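Please keep the sequence and the structure in view while reading.

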Amino acid sequence: MTTTLAFPVLLRLIDERSTAFRAAVASAPSLDVQVPTCPEWTLFDLAQHIGEGRRDWAATVAAGPAPAKSAAEGAPAAPREREALSAWLAESTEQLLDALREAGPDRGCWTWWGASQSPQTCGAVARHQLQQMAVHTYDAQVTVGAPEPLPDEVALDGVEEFLFTCVATTSAWPHKPTAFDFDATEGRSWRLTVDDDGARSTRIPAPGTPPVAAAGEGPHAAGVSVRGTASELVLFVYDRIPADSLRIEGDAGLFDLLRAWEPEE
C-alpha cells in the first residue's frame, strides 16, 4: 500500500498554497490581465473560481456522502476591490480547512471521481484540493511573470494524485494496450497501464535503482516514458508546460491518445 501526505500536512500545504495564490494576485498590475495558462480567464476570473470552488468543496465536505448544494448560492460574490478580494479568498480557504478539520480524513464524502484509485473520503478530497490550489497558484504566478516550481512535497504527491484520481478508470482503453512511465528526478516513479480493463497506476522503482520483486512487471512494456522534476511532471499532466520541457523516450504520440481519451464512465 502506498503512503500519501498526512492529513495535517495536506491542510498546512493547502493554506500555504492559498497564501501564495493571494500574494500573486496582490502583485498583479490589474485583475483584468489574461491568464496565459487559462486563456479564457482573466486573473479576476481565476480568483473567483478559486474562492467559489473552495466554498463549494467546504459545503460538500460538510454534507458527507450526499451531494451538497452549491455554496455559491446566496454567498457573497467575489469583490473586485483588491484588499476585499484577498480577504474573501482567505475566508474561502478557511471555510474549506474548517470543514476538513471537522470531518477528519476518514469520513465519507461525495466526489466526482468514482471508479478511480482514490477513495471517496475527506482525506482524498484534501489531497486533490491541494493539487488544485498548487496548479492554480502556478497559473497566477505565470500571469504576473513570476512562476515558481511547485514545492517538492506538493509535486511528488501531485503526480500520484493525478494518476490515481484523474486518470484511473475501469473503461476499456480503445487502443493497443500499453503503459506510460513517469519518472521524477527526485527518485520516485510511477507506471500507468492502459488496456481492456481500464487504466491503473502503481509506483515502480526509479531508473537506476535495484528492482523489487514484481514491481513494474506486467504484460505491457512502457510505450513511452517521461522524465523531469516532480513539479515539471505535474505541470505537464495538467497541460501547463509543453512536452519539450521534459525528457520523453518512446512514442510521444501516446500522450495525445491519452489526452483525447474520454472514458464512458
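## A pair of buried aromatic residues

Tryptophan 173 and phenylalanine 180 are both buried. The model in which they are seen is a predicted one. Their rings form an edge-to-face aromatic pair, with 6.4 Å from centre to centre and 90° between the planes.

Tryptophan 173 also pairs with tryptophan 261: the ring centres lie 5.0 Å apart and the planes stand at 90°, so this pair is edge-to-face. The pair links distant parts of the chain, since tryptophan 173 belongs to the loop between helix 5 (152-167) and strand 3 (178-184), while tryptophan 261 belongs to the segment after helix 7 (253-260), 88 residues apart. Tryptophan 173 and tryptophan 261 are both buried.

## The aromatic cluster

Which residues do ring pairs link into a cluster? The members are Trp173, Phe180, Phe182, Phe236, Phe255 and Trp261. In the chain, the count of aromatic pairs comes to nine. A pair of aromatic rings is described by the distance of the centres and the angle of the planes.

## The chain as a whole

The secondary structure consists of seven helices and seven strands. Read from the N terminus, the elements follow the order α-β-β-α-α-α-α-β-β-β-β-α-β-α. The radius of gyration of the chain is 19 Å, close to the 18 Å that the globule rule gives for 265 residues, so the chain is as compact as a globular protein of that length. Along the principal axes, the C-alpha atoms fill a box of roughly 55 × 40 × 35 Å.

Of the 265 residues, 48% count as buried. When contacts between residues at least 6 apart in sequence are considered, 68% of them join residues at least 24 apart. The chain exposes about 12,200 Å², and carbon and sulfur atoms supply 53% of that area. There are 20 positive and 38 negative side chains in the chain, and the centres of these two sets lie 3 Å apart.

## Helix 6 and its surroundings

Helix 6 (residues 230-237) is mostly covered, with seven of its eight residues buried. The buried residues are Ala230, Ser231, Leu233, Val234, Leu235, Phe236 and Val237. They pack against helix 4 (122-143), helix 5, strand 3, strand 6 (222-228) and helix 7. One of these residues, Phe236, is also a member of the aromatic cluster.

Valine 234 is part of helix 6. At what relative accessibility does valine 234 count as buried? The value is 0%, and the cut-off for a buried residue is under 20%. Not counting residues up to four places away in sequence, valine 234 touches Gln131, Val135, Leu150, Ala155, Gly158 and Val159. Valine 234 and valine 154 are 80 residues apart in sequence, and their C-alpha atoms are 9.5 Å apart in space.

## Leucine 150 in a loop

Leucine 150 is placed in the loop between helix 4 and helix 5. With 5% relative accessibility, leucine 150 counts as buried. Beyond residues up to four places away in sequence, leucine 150 touches Gln131, Ala134, Tyr138, Ala155, Ser231, Val234 and Leu235. The C-alpha atoms of leucine 150 and valine 234 are separated by 8.5 Å, although the two residues are 84 residues apart along the chain.

## Aspartate 239 after helix 6

Helix 6 is followed by aspartate 239. This residue is found in the loop between helix 6 and strand 7 (247-250). The phi of aspartate 239 is near 65°, which is a positive value in a residue other than glycine. Most residues other than glycine have a negative phi.

## Serine 18 in helix 1

Serine 18 lies in helix 1 (residues 7-27). Is serine 18 buried or exposed? Serine 18 has 2% relative accessibility and counts as buried. Leaving aside residues up to four places away in sequence, serine 18 touches Thr93 and Met133. Serine 18 and threonine 137 are 119 residues apart along the chain, and their C-alpha atoms are separated by 7.4 Å.

Methods. Residues are numbered from 1 along each chain as its sequence is written. This is a predicted model: local features need pLDDT of at least 70, side-chain atom pairs count only at pLDDT 80 or more; totals for chains, interfaces and linings use all residues. Side-chain values use heavy atoms; hydrogens and water are left out. Helices (H or I, at least four residues) and strands (E, at least two) are DSSP runs, numbered from the N terminus. The radius of gyration is taken over C-alpha atoms; the globule rule is 2.2 Å times the number of residues to the power 0.38. Buried means under 20% relative accessible area, exposed over 50%, partly exposed in between (1.4 Å probe, protein chains only). Contact means heavy atoms within 4.5 Å. Accessible areas come from the Shrake-Rupley method with a 1.4 Å probe; for residues, only the protein chains shown count as cover. Lys and Arg count as positive and Asp and Glu as negative; His and the chain ends are not counted. The place of a charge is taken as NZ of Lys, CZ of Arg, CG of Asp or CD of Glu. Rings of Phe, Tyr and Trp (its six-membered ring) pair if their centres lie within 6.5 Å; planes under 30 degrees apart count as stacked, over 60 as edge-to-face and the rest as tilted.
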